[in-house]
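Please look at the structure before reading on.

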Amino acid sequence: MNLNIRGTAQHTYDAIVIGSGISGGWAAKELCEKGLRTLLLERGRQVEHIKDYTTATLHPWDFPHRLENTAQDTAADPVQSQAYDESSKHFYVRDAEHPYIQERPFNWIRGYQVGGRSLTWGRQCYRFSDLDFEANLKDGHGADWPLRYRDLAPWYDYVESFAGISGQAEGLPQLPDGVFLPPMELNCIEQHLRDRVREKYKDRLVTIARVANLTKGWNGRNPCQYRNLCHRGCPYGGYFSSNAATLPAAMATGNLTIRPFSIVTEIIYDSRTRRATGVRITDTETGEQHEFHARIIFLNASTIGTAAILLHSTSPAFPQGLGNNHDLVGRHLMDHHIKVGAMGRFSGYPRQYYTGRRPAGIYVPRFRNVNEQTKRTDYVRGFGYQGYGERRAWNDTYTNAGFGSHFKEQVTSPGEWEVWLGGWGEILPYADNRITLDKTQRDKWNQPLVRISFGIKDNERTMRKDMRSSAEEMLHQAGFSQVTGFDYHYAGGECIHEMGTARMGHDPASSVLNRWNQIHDVPNVFITDGSCMTSSGSQNPSLTYMALTARACDYAVTALKQGTL
């Protein structure tokens, strides 16, 4: 591995990639495989595949607190502790070391290391369709996407074929099928729900989740072992991450240099050529500052980090930040609103159970505002459900402490079947959901603190009522009892799907990036992480980031060879 802490003598490369998460890893792979000498900058520490997955094979009893977060964890990390447990804490930042300002509540979950959050992501992979790409134009909320499904479809094929996505083809126009590995199996209660929903509804279905977990060996990686410990890092390579998949492929070319412990403080702009010439970084171990130069730059520091770098990259040409002369960078921050749905119990199938710990649940694709027949008059866009079916465990069913054979039988007998359905809803691209940089407060590396202002509005609040009532109705229709709806009052960032602060579009006056993910006014800077998203859809977005990245890299290298960059 070319782990270049100090950089080459000339500090010059063909390409620089900022950030090593899902989209940054893809950018490194594509650019290196196309022959570009590429520097990958990561602000966090190095994490090597397998070697640094230090908790991957431990049992619950190997942990001092049996995987529970302590009161000290919760107090020290009030944001990050919502996402980590005792086995994954080391893949998340410490809140005190990485402060930010919440003008309105927003949980900014972060993992600063080589691989970023690709080590801890939920792995759900769904394509966007033209229902999503055309939504802004049709209902007037947000800028029009500068591409359509036909533009991205071959790139979805491309990234799925490398990453390995297991799933079931269903033939839905609003959720296009992909290049799938064999699907994981539904258990009996999930199959029951699927059958009953099919009987009762013409506009919806239940399917197995489409996930980046391998159901067979794929591209030199081993199949998923059904341990469901993905957030610890997988020593088998059974799920897609930068560390297991894209970075090894980039390394194999001999063209990649990884430099961890490198905070990018700004992108350097040359007003004479109207191009970026490189980046400035601060070494987090030594405090030293360095410059690195390249012909093209891919900025993939994650939605909020990317916007912060752009805002901090000021110059006479861009006094408000690189590409920000129309005050758009940092605006239109989106997420998915969650923590609403229903659960219910079922008294049948007492002799049936399941084996292993399948790392995927079920999915109910969007069925609202899909066509004229499903159009709502009280809100626009829509939602999907993610969920699972399982038998209640001992800690759900035992009533009091005890001893002897009766107590042992009580805690070892599985309870009734139950199904949980939670909604994932679209949030519109509101201009006042945004990030800015604080003018006075700075962190330990002398970078201005990020300020985040975010909230849902009436459209999402109305949608949430439907998300809850529709889940309750579906479970009742499927024969479940003790159906209970819930709404746990979502706060921004809790879905960890933040996106949209440097959106794509046709017009430089209403967007930051063009149809190839280039900054309109700085064409050799490409942005393909979540910040490029023009709308959020209701699907998990990471697969779309991958496809956009591969597409932009292909365009960038072609343009370099043609001399247009």
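pLDDT is the predictor's confidence in each residue, on a scale from 0 to 100. The model shown here is predicted, and its chain averages a pLDDT of 96. A score of at least 70 is reached by 98% of the residues. Residues 1-9 stay under 50. For this stretch the model has 24 contacts beyond four places in sequence.

Two packed helices are described by the angle between their axes and the distance between the axes.

| Helix pair | Angle | Axis distance |
|---|---|---|
| Helix 1 (residues 22-33) and helix 12 (residues 542-562) | roughly 30 degrees | within 9 Å |
| Helix 1 and helix 5 (residues 149-163) | about 100 degrees | 13 Å |

Angles under 35 degrees count as roughly parallel, so helix 1 and helix 12 are roughly parallel to each other. Their crossing is right-handed. On the side of helix 1, the contact is made by Ile 22, Ser 23, Trp 26, Ala 27, Glu 30 and Leu 31. Helix 12 contributes Ser 542, Tyr 545, Met 546, Thr 549, Ala 550, Cys 553 and Val 557. Sorted by class, the residues of this contact are nine nonpolar, three polar and one charged.

The axes of helix 1 and helix 5 pack at about 100 degrees. The range from 65 to 115 degrees counts as roughly perpendicular, so helix 1 is roughly perpendicular to helix 5. Here helix 1 uses Trp 26, Lys 29, Glu 30 and Glu 33, while helix 5 uses Tyr 158, Val 159 and Phe 162. This contact of helix 1 with helix 5 has four nonpolar, no polar and three charged residues.

**Two buried residues**

Glu 190 lies in helix 6 (residues 188-200). Is Glu 190 buried or exposed? Its relative accessibility is 0%, so Glu 190 counts as buried. Beyond its neighbours within four places in sequence, Glu 190 is in contact with Val 206, Arg 358, Ile 362, Tyr 388 and Gly 389.

Leu 421 belongs to strand 15 (residues 417-426). With a relative accessible area of 0%, Leu 421 is buried. Its contacts, again leaving aside neighbours within four places in sequence, include Val 340, Gly 341, Ala 342, Ile 362, Val 364 and Tyr 385. Also among them are Ala 471, Leu 475 and Phe 486. Leu 421 and Pro 78 are 343 residues apart in sequence, and their C-alpha atoms are 26 Å apart in space.

Conventions: Residues numbered from 1 in each chain as written. Predicted model: local features only at pLDDT ≥ 70, side-chain atom pairs only at ≥ 80, totals over all residues. Heavy atoms only, no water. Axes fitted to C-alpha atoms, helices over the stretch in contact; angles between N-to-C directions. Helix = DSSP H or I, 4+ residues; strand = E, 2+ residues; numbered from the N terminus. Parallel < 35°, antiparallel > 145°, perpendicular 65-115°, else oblique. Left-handed = near helix turned anticlockwise from the far one by under 90°. Contact = heavy atoms within 4.5 Å. Nonpolar A, V, L, I, M, F, W, Y, C, P; charged D, E, K, R; others polar. Buried < 20%, exposed > 50% of the residue type's maximum accessible area, 1.4 Å probe, protein only.
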